[in-house]
Amino acid sequence: MGRSGAPSGCSAGRHHHPSNSRSPQCGRRTAGLSLVGLDIAPGILAGVPGPVAVADATRLPLAAGSVDAALALHMPYHVPDIPQAVRELARVVARDGLVVASTNSDRDKVELDDLWRRAAGDVLGVGRGPARISLGARFSLEQAPALLGEEFSRVEVVELPGTITVRDPEPVIAYLASYRAWADQHDVPFDATIDRARTLVADHIARHGAYEITCLGGILVCRR
């Protein structure tokens with residue numbers, strides 16, 4: 001009998017395609033793995049190889065103990081009730097199974113948030129602009145072990161550090177464009193702040209040859 005797994009939050013199939021099916025324990029391709037993809041957004045599931053189902057992470061349409069593993073990759077912080085989502089993951093996974101979650105650290109890409117605050121502060125005429133509220137902070141690499149530990153006795157954290165090096169401001173500006181909705185809610189002049197950020201990054205690159213961004217994400221492997 002093959003193993004079964006349930007990726008919760010399919011991300012347009014990235015975590016669901018058979019070519020991405022690997023044993024979390026040894027990293028080898030796993031033969032005979034049966035997958036079911038779940039996401040609350042029907043559009044995300046369009047084009048994802050079946051079987052798939054539209055589902056709420058707090059009410060998974062799976063029987064108790066019915067899967068050997070569940071993936072929750074950069075998903076839990078989107079759920080309004082994170083503890084209930086964790087309880088559901090624990091419910092559907094077999095006693096000897098595992099849950100693999102992933103998220104980012106509170107320290108991930110801190111240079112970009114600092115850049116935004118500097119640029120917004122210059123535009124607003126204050127020392128530093130308001131700090132951006134990060135959705136991921138609800139289930140950050142620092143917060144997630146305690147949340148998962150409510151249902152799992154063993155939570156292993158595997159940190160995945162990295163550095164992004166850019167020599168042109170535009171990739172940084174493209175990333176900051178995702179701040180628009182937040183900026184509008186906090187009366188931060190978005191276009192002016194973006195222009196100021198572009199100047200700050202260009203000046204930094206001119207002086208140092210590159211602009212570096214430190215990244216820190218991680219995987220959490222959960223067992224009972």
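Me: Which residues make the nonpolar surface patch of about 200 Å²?
Reply: Happy to start there: this is a predicted model, where local features need pLDDT of at least 70, side-chain atom pairs count only at pLDDT 80 or more, and totals for chains, interfaces and linings use all residues. Numbering runs from 1 along each chain as its sequence is written, and side-chain values use heavy atoms, leaving out hydrogens and water. A nonpolar patch joins Val, Leu, Ile, Met, Phe, Trp or Tyr side chains within 5 Å, each residue having over 30% relative accessible area and no salt bridge. The patch here is made by Val123, Leu124 and Val126.

Me: What is the relative accessible area of Leu124?
Reply: Leu124 is found in helix H3, residues 110–124 (a helix is a DSSP run of H or I, at least four residues). Buried means under 20%, exposed over 50% and partly exposed in between, with a 1.4 Å probe and protein chains only. Leu124 counts as partly exposed because its value is 37%.

Me: Which class does the Trp116 and Trp182 ring pair belong to?
Reply: Rings pair if their centres lie within 6.5 Å, Trp giving its six-membered ring; planes under 30 degrees apart are stacked, over 60 edge-to-face, the rest tilted. By this rule there are 4 aromatic pairs. For Trp116 and Trp182, the centres are 6.2 Å apart and the planes at 70°, so the pair is edge-to-face.

Me: How many residues apart in sequence are the parts that this pair ties together?
Reply: Trp116 is buried at 0% relative accessibility, and Trp182 is buried too at 10%. Trp116 lies in helix H3 and Trp182 in helix H6 (residues 180–185), so the parts tied together are separated in sequence by 66 residues.

Me: Which residue forms a salt bridge with Arg91?
Reply: Side chains of opposite charge can pair when their charged atoms come close. A salt bridge puts a side-chain nitrogen of Lys or Arg within 4 Å of a carboxyl oxygen of Asp or Glu. At 2.7 Å between the closest N and O atoms, the partner of Arg91 is Glu88.

Me: Where does the partner of Arg128 in its salt bridge, Asp114, lie?
Reply: The closest N and O atoms of Arg128 and Asp114 are 2.8 Å apart. The pair links distant parts of the chain, 14 residues apart: Arg128 is in the loop between H3 and helix H4 (144–149), and Asp114 is in helix H3.

Methods
Patch = residues over 30% accessible without salt bridge, like charges linked within 9 Å, V, L, I, M, F, W, Y side chains within 5 Å. Areas by Shrake-Rupley, 256 points an atom, 1.4 Å probe, with all protein chains shown as cover. Helix = DSSP H or I, 4+ residues; strand = E, 2+ residues; numbered from the N terminus.
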